[in-house]
Amino acid sequence: MAATVAEAMREREDLGIWMGENVMNVHNQDQPSKPENESRLSVILLDQGLFTVYKRLFMVCLTLNITGLVVATTGHFSYARNRAALFSIGNILALTLCRSEAFLRVVFWLLVKILGRSWVPLFLKTATTSLLQSLGDRDNTSPETIGVSSAILSLLCFSSMAAFPLVRHLHHNVFERSHRFAGWMALCLLWAFIMLTISYDPKTKSYSNEIGSRLIKSQEFWLTVTITILITMPWLTVRRVPVKVSTTSGHASIIKFEGGIKAGILGRISPSPLSEWHAFGIISDGKKEHMMLAGVVGDFTKSLVSNPPTHLWVRQVHFAGLPYLVNMYGRVLLVATGSGICVFLSFLLQPCKADVCVLWVAKRVEQNFGKEIKEMVSRHPRDQVIIHDTGVLGRPKVSEMSVSAAKNWGAEVVIVTSNPKGSRDVVDACKAAGIAAFGPIWDS
């Protein structure tokens, strides 16, 4: 806000009222913090820790698979030895369930209903939040089946390599497209594998044309049907819808859609559904419309500012993210920097089971995010919404502010949305103070 000195002083005074003296005293806000040399990539690759919940889940799955493989090959688990394909497809089904937005939406809803009660122990709620956040014999096989299964394995390995954080961070479009098309090809080949294995007779070494009854009785077939439904379900809801895009600055844009959405839900939008999808938090009062706040960080978000579209592709099956679990707790502190505020605003606009306090650190709120966003946050009591405008008050130590605000609010848990380093610092500081805290997982 390019203003006179008097106007700047008035801004500072208003923001001081929003923040409250208890948070202002954390440190001298007028003194910017020292510039950090850590890059986003170094935080993602080197500073995630060896024992995150996500990595522990990976080790559990890997250990179970290796144990099962050893037991089967040594002849102590004949069922698995004779049905290697079934267990392989079971692994793919488990993977699909863990990444299915529709399935996880149901899981999130169910667990919030079950655990979102005052008598449920806090440790059980935080443990559940951590978990949800991370979420054949050659002689009897034809050469064609071996070839198809090898191709499936190669595609899965390729997808896994493309998902490595270094590749995903530096070449995100390559990761997204290879992941999608390799997955589709693997699914098609999986169906070919099912047809080949069911129709092949190892005694005559020939294929049978009568496979209908065999399919119905095959466990592999029904697992593959389930996998196919889970993968195709979101794509069946893809629609091209009209949007209204407004920009208040070159730093962010607001995209408006028809229809109300529950708090804590995220959505995906795309200019071209076969090439790229982008996830954003949803702001909604739960009534007639919802919106997304897109900060300018890449080619797509830049195009929203420079060339606002009139239509975008959306997936009508929205997915539940970490903020959806807010209603599992009694009192929650929500910490956001920049455009990360979008996923938290719905908790201020809609009735919420939890008592929430929002701490938002951003630069020149009205100028960069618009009058509408500023009004959404400024209409609430000063002890519920804490705004630190870095364009007026300087850069703060968000981690210290978060700990102070959490203690003042009596928060059971802190949820943060920021960049990798900012999220890590807030989570670490809160945990060191004995407060449960969660942020985005950057190594998943």
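I started with burial: buried means under 20% relative accessible area, exposed over 50%, and partly exposed in between (1.4 Å probe, protein chains only). This is a predicted model, where local features need pLDDT of at least 70, side-chain atom pairs count only at pLDDT 80 or more, and totals for chains, interfaces and linings use all residues. Residues are numbered from 1 along each chain as its sequence is written, and side-chain values use heavy atoms, with hydrogens and water left out.

**Cysteines.** I looked up C357, which is buried at 1% relative accessibility. C61 is partly exposed at 45%. I also looked for disulfides (a pair of cysteine sulfur atoms within 2.5 Å) and got a count of 0.

**Confidence.** I checked pLDDT, the predictor's confidence in each residue, from 0 to 100. The protein chain has a mean of 80, with 84% of its residues at 70 or more. Residues 1-37 stay under 50.

**T126.** I found T126 in helix α8 (residues 122-134); helices here are DSSP runs (H or I, at least four residues), numbered from the N terminus. T126 is buried, with a relative accessible area of 15%. Beyond its neighbours within four places in sequence, T126 is in contact (heavy atoms within 4.5 Å) with Y329, A436 and F438.

**Helix pair.** I then took α9 (residues 143-162) and α11 (residues 172-199), which pack at about 160° with their axes 9 Å apart. Axes are lines fitted to C-alpha atoms over the stretch in contact, and angles run from 0 to 180 degrees between N-to-C directions. Over 145 degrees counts as roughly antiparallel, so α9 and α11 are roughly antiparallel to each other. The residues making the contact include V148, I152 and L155 of α9 and A182, M185 and L189 of α11.

Note on methods: Helices (H or I, at least four residues) and strands (E, at least two) are DSSP runs, numbered from the N terminus. Angles under 35 degrees count as roughly parallel, over 145 as roughly antiparallel, 65 to 115 as roughly perpendicular and the rest as oblique.
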